Amino acid sequence: MKIHQIIEKTRANGPGTRFCIWVQGCSLQCLGCFNPETHDFDAGYKISVADIFEIIRRDSKELDGISISGGEPLDQAEDVLELISKVKKELKLSIILWTGYDLHELMDFEIYKSFTEYLDLIITGRYEQSLHAPEGLKGSSNQQYIFVSDIYNENDLKEISIAEIQLGDKKIKITGVGSEIVKGWFE
Ligand code: SF4
C-alpha cells in the first residue's frame with residue numbers, strides 16, 4: 001500500500017480508540033482539500049498489507065476499530081480490500097472509510113460490493129469548499145454517512161472531537177476532521 005501517514009491510536013477519527021491510516025494518492029483533487037499533501041502518488045511510503053496488518057494486530061486489544069482516510073482509498077482498492085477483510089475476519093474490529101466518491105459513483109466500482117462486506121461506516125462525497133462545515137466525521141455538509149452495519153448511528157458521531165493534539169518526544173501532532181493545519185509531527 002502507498003501510505004501518507006499512520007496514527008496508531010486516535011480518538012478524533014471515529015468513535016472510540018482507532019488506528020488511523022491516511023493513504024497516499026488522490027485522483028479526485030477537490031478544491032480546498034485540507035490534506036493536499038496526500039494527493040501525489042509519488043510521495044508517501046510503501047508498506048505491505050501484511051506489515052500494516054501486523055502493526056494493527058499488535059495493539060488490537062486496545063482498539064475499537066480502524067479508520068481509513070486519504071488520499072483516496074479507492075485509488076488502491078485491491079490493497080484496501082485485502083486489509084479490511086483481514087482486519088474484520090481476524091481481529092473483529094470496526095472499520096470506517098472516507099471516500100471522495102458519492103454513493104452513485106461507488107456503485108460503478110465492481111469492488112464496492114466486496115467493500116461493504118467489511119466496512120461499518122463509509123463517509124462519501126467530495127469535499128466542497130463552499131459547504132465547509134466540519135461536524136462529526138464530515139468536512140463539508142454535502143458529504144453523506146452510509147451506515148453499512150448497525151454498529152454505529154449518527155448520535156455516535158456527534159460527540160467526536162473535531163481535532164486532537166498528541167504530544168510526542170519534542171513533537172506535537174494535530175489530527176481530526178476539523179483540524180485544518182495538521183497531520184504531521186511539528187518539531
Ligand atoms: S477531500 Fe479527499 S477526495 Fe477530495 S481531494 Fe482531498 S483527499 Fe482527495
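## The largest cavity

On a 1 Å grid over the protein atoms alone, a cavity is a set of points where a 1.4 Å probe fits but cannot get out, and lining residues have an atom within 4 Å of a point. The model is a predicted one, in which local features need pLDDT of at least 70, side-chain atom pairs count only at pLDDT 80 or more, and totals for chains, interfaces and linings use all residues. Residues are numbered from 1 along each chain as its sequence is written, and side-chain values use heavy atoms, with hydrogens and water left out.

The search of the whole structure finds one cavity of 30 Å³ or more. The largest cavity holds about 390 Å³ of space, where a volume is the space filled by probe spheres set on the points, and grid points are joined across faces, edges and corners. Its lining consists of eleven nonpolar, 15 polar and four charged residues. Here Ala, Val, Leu, Ile, Met, Phe, Trp, Tyr, Cys and Pro count as nonpolar, Asp, Glu, Lys and Arg as charged, and the others, Gly among them, as polar.

## The ligand

The ligand takes up the space of the largest cavity; for this, more than half of its atoms must lie within 2 Å of the grid points. Around the ligand are Cys 26, Leu 28, Gln 29, Cys 30, Cys 33, His 39, Gly 70, Gly 71, Gly 100 and Tyr 127, each with a heavy atom within 4 Å of it. This shell divides into five nonpolar, five polar and no charged residues.

## Aromatic pairs

There are two aromatic pairs, counted when ring centres of Phe, Tyr or Trp (its six-membered ring) lie within 6.5 Å; planes under 30 degrees apart are stacked, over 60 edge-to-face and the rest tilted. Tyr 101 and Phe 109 pair edge-to-face, with 4.9 Å between centres and 65 degrees between planes. Tyr 145 and Phe 147 form a tilted pair, at 5.8 Å and 50 degrees.

Tyr 145 is buried, with a relative accessible area of 14%, while Phe 147 is partly exposed at 30% (buried is under 20%, exposed over 50%, partly exposed in between, with a 1.4 Å probe and protein chains only).

## Charges over rings

Lys 138 lies over the face of Tyr 145, 4.4 Å from the ring centre. The charged end of Lys 86 sits over the ring of Phe 53, at 4.5 Å from its centre. Such a contact requires NZ of Lys or CZ of Arg within 6 Å of the ring centre and within 35 degrees of the ring normal.

Notes:
On a 1 Å grid over the protein atoms alone, a cavity is a set of points where a 1.4 Å probe fits but cannot get out, and a pocket is an open set with protein on both sides within 12 Å along at least five of seven lines; lining residues have an atom within 4 Å of a point.
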